[in-house]
Amino acid sequence: MTAPVTNPTSAEGWRGPRGAVWLLSLDGYEAMLRPLGDALLARAALSPGQSVVDIGCGGGSTSRTAAQIVGATGVVCGVDIAPMLIDEATRRADGVSNLTYVCADAGSEPIPGAPFDRMISRLGVMFFADPPAAFARLRDVLKSGGQLDWAVWAPSIDNPWMAGVRPIVERYIALPPVDPDAPGAFSLTDRDKLQGLLVKAGFAAIDIDDWHGAIAPGGTHDPERAADFALTAFSFGPAFDTAAPAIRDKIRSDLIEFFQRFVVDGQLAIPARAWLVRAKAP
Ligand SMILES: C[S@@+](CC[C@H](N)C(=O)[O-])C[C@H]1O[C@@H](n2cnc3c(N)ncnc32)[C@H](O)[C@@H]1O
């Protein structure tokens, strides 16, 4: 019998059940994260002809946009640990000649085509089993003078799309506690810790920008559909699924009520905060 995955966002979680859920929810996630991806790519200001690696590329939308920007004289390589996401990213990139995808643990395995001019990542660098070792390895994936641009979530308290949602589920269902130091979406929220990891890995010219924006779960403006997306796609989804129907109904209706507070002029816009990290390889 296969042992259950205890941390859904560990390497085995992404290779298995978490990767499968992300794939099923891919269009909703990509719509939800578009405002952050747009900010990341605007700040990165990639240029035609550059070679770019996208760490934790998921279904590949950020890699595809990067491939358009660097053009026919540039190349983009998307790297992800989840084989089902690499398969889907490859399928969606059909016909894009300057874009390749590789299934690998970016924190510990070689990346073909390295070293690159630039490295981008939208929320793909918070899940390494050994962050100091992974960051040092990623430094060597860049050419000397090469630049990284990453987006990572800032403290969850400033991200009510999660910090407000989880307690609603916990009113009715006991969820396993989140270890802030384990691989997870909110493992790099401490700006000093993040800066320290980059310094220790040997990066220079570190510049962390404080992004404030708004997102909608599933990219929808309908609170009911946003609640259904969150209860399916977020990492507590499997626990929600096992609850009794009456409990699920209560959670869903509380969540819809919560999301309705963030509807302004028909738009669901929940505050979100992330670090836009820039650094250079020496
Ligand atoms: C939050 S998702 C973001 C996906 C994508 N960047 C996006 O914004 O849509 C995190 C991604 O990182 C990938 N990932 C997690 N650990 C990884 C590792 N060690 N090496 C490569 N990819 C990893 C996951 O499989 C997942 O696709």
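Predicted model: local features only at pLDDT ≥ 70, side-chain atom pairs only at ≥ 80, totals over all residues.

The ligand is surrounded by 18 residues, and the closest are Gly56, Asp80, Asp105, Ala106 and Arg122. Asp80 places a polar side-chain atom 2.6 Å from an oxygen atom of the ligand. Gly56 uses its backbone instead: an N or O atom there lies 2.7 Å from a ligand nitrogen. As for cover, the ligand taken alone exposes 590 Å², and the protein buries 98% of that.

One of the closest residues to the ligand is Asp105, so where does Asp105 lie? Asp105 lies in the loop between strand 3 and strand 4. Is Asp105 buried or exposed? Its relative accessibility is 17%, and buried means under 20%, so Asp105 counts as buried. For a sense of distance, Val70 is 35 residues away from Asp105 along the chain, and their C-alpha atoms are separated by 25 Å.

The next slide is on the second largest pocket. Its volume is about 160 Å³. The lining is made up of Glu30, Arg34, Gly37, Asp38, Leu41, Ser61, Thr62, Thr65 and Arg122. Arg122 is also among the residues closest to the ligand. Which helices each supply at least two residues of this lining? They are helix 3, residues 26-44, and helix 4, residues 61-70. Helix 3 gives the most, with five residues. By class, the lining divides into one nonpolar, four polar and four charged residues.

Now the backbone. Most residues other than glycine have a negative phi, and most peptide bonds are trans.

The peptide bond from Ala114 to Pro115 is cis, with omega near 5 degrees. Pro115 sits in the loop between strand 3, residues 99-103, and strand 4, residues 116-122. That is the loop in which Asp105 lies too.

Ala45 is not a glycine, yet has a positive phi of about 45 degrees. Its place is in the loop between helix 3 and strand 1, the latter being residues 51-55. Ala45 counts as partly exposed because its relative accessibility is 48%.

Asp265 likewise has a positive phi, near 50 degrees, in a residue other than glycine. Asp265 is found in the loop between strand 7, residues 263-264, and strand 8, residues 267-268. With a relative accessible area of 74%, Asp265 is exposed.

Last item, helix 10, residues 223-233. At the start of this helix, a side-chain oxygen of Asp222 reaches to within 2.9 Å of the backbone nitrogen of Glu224. Which residues in helix 10 are buried? They are Pro223, Ala226, Ala227, Phe229, Ala230, Leu231 and Ala233.

That is what I had. I can go back to any of the slides.

Terms used: Residues numbered from 1 in each chain as written. Heavy atoms only, no water. Near = heavy atom within 4 Å. Polar contact = N/O pair within 3.5 Å; in protein donor to acceptor, adjacent residues only side chain to side chain. Areas by Shrake-Rupley, 256 points an atom, 1.4 Å probe, with all protein chains shown as cover. 1 Å grid on protein atoms, 1.4 Å probe; cavity = no way out; pocket = protein on both sides within 12 Å on 5 of 7 lines; lining within 4 Å. Points joined across faces, edges and corners; volume = space filled by probe spheres on them. Helix = DSSP H or I, 4+ residues; strand = E, 2+ residues; numbered from the N terminus. Nonpolar A, V, L, I, M, F, W, Y, C, P; charged D, E, K, R; others polar. Buried < 20%, exposed > 50% of the residue type's maximum accessible area, 1.4 Å probe, protein only.
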